[in-house]
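Please keep the sequence and the structure at hand while reading.

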Amino acid sequence: MARLLVLLNSLVLLLFGSGMFLVGANRPPAPVNVSVMNLRADSATVTWEVPEGDIIIGFSISQQRQDGHMQRFIREVNTTSRSCVLWDLEEETDYIIQVQSIGLYGESQASKKIHFRTLKKTDRFPSNSSNQDDPAVQGLDKSRHLQTGEMIIIVVVLIMWAAVIALFCRQYDIIKDNDSSNNKEKAKPSSERSTPEHHSGGLLRSKFHPSVPSINIIEV
């Protein structure tokens, strides 16, 4: 009986160990080339790469302040993304991050620890960082230049439209004033022609008054 129990325990340990070995063998490798870019006072972007040949269905990121006061875990599945934006960071604070890949049979080992420090709110880019040469940062600069150029073009077009509208209104007022003057000139002669007939009344009144009898005076 004792030998049977020992045999059963050995069989269970063997099966459990082989299962763990299979699961461990199917776990994806740890992410490589983990880097931090687009540093800001309250955000940063983490990017990484995954070795080819492994099925990856998600990622997991551990974020921690270097002083150990805060720790955050970000986990996302059903995605093939190789980047993640960290929000709500504190300015001028040192952080440590690690990335894990999520496969069909579990998570990979954590990547190497990456240290980075957020900026001041008044800073645009870190002076001692290589992010200036990063394509993403250059793309942001180009987009800012494009936005500035588009705003200048819009302002110039609006000014031109305002000038055209002002010129149109001015021409309209001039034409309106000319029409009013012409109407006054046309109406003036007719009024002057009717005035003499009204004042003289020669066509309406006679030199003699038939109602008053004439008297002849004869001197003796």
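Where does Glu92 lie? Glu92 is in the loop between β5 (83-86) and β6 (94-103). The model is predicted.

- The relative accessible area of Glu92 is 37%, so Glu92 is partly exposed.

**Nonpolar surface patch**
- Ile153, Val157, Trp161, Val164 and Ile165 make a nonpolar surface patch of about 510 Å².
- Ile165 belongs to helix α2, which covers residues 135-200.
- Ile165 counts as partly exposed because its relative accessibility is 48%.

**Buried residue in a strand**
- Ser62 sits in strand β3 (residues 56-65).
- With 18% relative accessibility, Ser62 counts as buried, because the cut-off for buried is under 20%.
- Leaving aside residues up to four places away in sequence, Ser62 is in contact with Arg72, Phe73, Ile96, Ile97 and Gln98.

**Buried residue in a loop**
- Thr79 is located in the loop between β4 (71-77) and β5.
- Thr79 has a relative accessibility of 16% and therefore counts as buried.
- Residues up to four places away in sequence again set aside, Thr79 touches Ile56, Ile57, Gly58 and Phe59.

Technical notes: Residues are numbered from 1 along each chain as its sequence is written. This is a predicted model: local features need pLDDT of at least 70, side-chain atom pairs count only at pLDDT 80 or more; totals for chains, interfaces and linings use all residues. Side-chain values use heavy atoms; hydrogens and water are left out. Patches are made of residues with over 30% relative accessible area and no salt bridge: like charges are joined within 9 Å, nonpolar side chains (Val, Leu, Ile, Met, Phe, Trp, Tyr) within 5 Å. Accessible areas come from the Shrake-Rupley method with a 1.4 Å probe; for residues, only the protein chains shown count as cover. A salt bridge is a side-chain nitrogen of Lys or Arg within 4 Å of a carboxyl oxygen of Asp or Glu. Helices (H or I, at least four residues) and strands (E, at least two) are DSSP runs, numbered from the N terminus. Buried means under 20% relative accessible area, exposed over 50%, partly exposed in between (1.4 Å probe, protein chains only). Contact means heavy atoms within 4.5 Å.
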